[in-house]
Amino acid sequence: MTDIVLSMDGLLLNWLKQVGDTVKKGEVIAEFEADKATVEVEAPADGTITALEGEIGEELSSGTVIGQIGANGAAAAPAPEKPAKAETPAATPAPEAEKPAPAAPAPTNGATAENGRIKASPLARNIAKDKGIDLAQVPGSGPGGRIIRADVESFKPGAAPAAAPSAKPTAAAAPQSGTFSDPSGIPIVRLRQIPADADGVELLDVSRMRKAIANGTTESNQQIPTFYVTSEYNLDPLLELRAQLNASLGDKGVKISVNDMIVKAAALALRQFPNLNTHYYGEKMVRHSHINIGIAVAPANVGGVIYVVAKDADKVSLSTLAQTNKEMIDRARELKLKPEDTRGATFSTSNLGPFDVDQFTAVINPPEAGVLAIGSGRKVPVVKPDGTVAAGTRIKITLSVDHRVSDGAEGGQFMFALKGLIENPMRLLL
């Protein structure tokens with residue numbers, strides 16, 4: 001019997017298989033909405049699904065066993081009904097007719113209980129435990145009144161007792177000006193009130209991805225002292241080599257992009273500057289031996305940004321890097337990522353070149369120490385060593401650096417090393 005284990009926090013969107021279905025390893029069993037995209041849960045083994053556990057719309061945390069796979073033809077297992085055991089003993093002991101009466105510890109402020117146990121997702125319980133929140137005081141908005149992650153994250157312990165006696169909490173739900181905490185726990189000053197009843201206004205729910213972006217960028221801009229280093233590079237040698245490589249790859253279905261080559265160059269430069277491949281954790285810093293480059297991708301039609309991760313980008317060949325990057329980017333644009341696609345970045349890149357952007361600065365992804373912002377390659381007049389002017393292709397790249405980890409001199413040296421790789425691209429093949 002093989003357990004089907006969820007590898008990240010998420011909201012169960014859909015079951016694609018049922019108990020009794022025969023599956024092969026790698027087949028998609030369920031879809032979850034994670035912070036960054038819809039993530040598919042694959043069968044960990046061949047066999048017959050004997051159990052599935054989880055309600056559509058339920059928040060489940062990483063590590064939760066959501067089902068089991070047995071040998072081909074195995075009968076459905078009644079195992080997933082663990083909660084029912086709690087109900088059975090409660091109903092059977094009839095003689096305790098009067099003793100159970102003082103079931104006073106029932107939840108008070110809207111939380112739903114089942115057999116004396118508050119209905120809450122495992123993730124909500126963990127968050128409540130971490131924050132010291134009494135779940136009995138938290139109203140549940142999930143299926144059947146179940147308390148989900150958002151209920152706990154938006155719960156204000158201090159305000160709870162006062163809110164209970166109020167007769168019309170509806171009006172009070174309108175956001176007010178002032179200081180509050182978002183789910184990341186970072187205090188934010190809201191300067192204006194949402195015009196909920198104004199004409200021509202549409203109120204939009206904030207998606208999990210948008211919340212994750214809001215939390216990450218707020219943390220970065222509020223807590224990371226960042227400096228920026230911009231350099232301009234001669235892109236012509238890299239473009240010439242890229243054309244040769246793609247011609248040699250012929251009909252193998254692999255096309256190396258400029259972005260692939262800059263990602264490779266960044267990874268090789270990080271070998272020389274491992275301090276920029278370090279993550280900051282306050283009293284400790286973690287220096288990574290693997291160089292995994294996060295690549296920003298804009299999903300189609302939904303907005304937002306997802307970083308897929310090119311693992312060991314300094315070691316794999318350019319053609320392999322290009323192939324795996326394309327596969328991950330295609331999945332990201334379709335919001336069909338695999339959990340491993342977005343894990344383990346040690347440094348990141350963001351490329352707005354395809355949008356004709358000359359130059360920009362990118363926000364560091366905490367706890368990473370830096371990110372490269374890549375602009376467009378442009379044909380510009382260039383003064384050659386002999387004093388003549390000719391057309392040349394130039395590209396501007398900006399490095400954002402966490403000043404708690406590194407300093408300006410190292411940032412400048414890194415960008416100079418990057419110049420050597422981009423303007424002498426044969427070194428990317430060594």
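Guide: Welcome! Local features in this predicted model need pLDDT of at least 70 and side-chain atom pairs count only at pLDDT 80 or more, while totals for chains, interfaces and linings use all residues. Residues are numbered from 1 along each chain as its sequence is written, and side-chain values use heavy atoms, with hydrogens and water left out.

Visitor: What makes a stretch count as one of the helices or strands in the chain?

Guide: Helices are DSSP runs of H or I with at least four residues, and strands are runs of E with at least two, numbered from the N terminus. The chain has 10 helices and 20 strands.

Visitor: How do you know what span to expect for H6?

Guide: The expected span is 1.5 Å times one less than the number of residues. H6 (residues 208–223) has 16 residues, and its 22 Å from first C-alpha to last is close to the 22 Å expected.

Visitor: Why are some residues of H6 called buried?

Guide: Buried means under 20% relative accessible area (exposed is over 50%, partly exposed in between; 1.4 Å probe, protein chains only). Arg208, Met209, Ile213, Asn215, Thr218 and Ser220 of H6 are therefore under that 20% limit. Across the chain, buried residues make up 40% of the 430 residues.

Visitor: What makes residues of H8 and H9 a contact?

Guide: Contact means heavy atoms within 4.5 Å. The axes of H8 (residues 258–272) and H9 (residues 318–333), lines fitted to C-alpha atoms over the stretch in contact, come within 10 Å and cross at roughly 120°, on a scale from 0 to 180 degrees between N-to-C directions. Asp260, Met261, Val263 and Lys264 of H8 meet Leu318, Leu321, Ala322 and Asn325 of H9.
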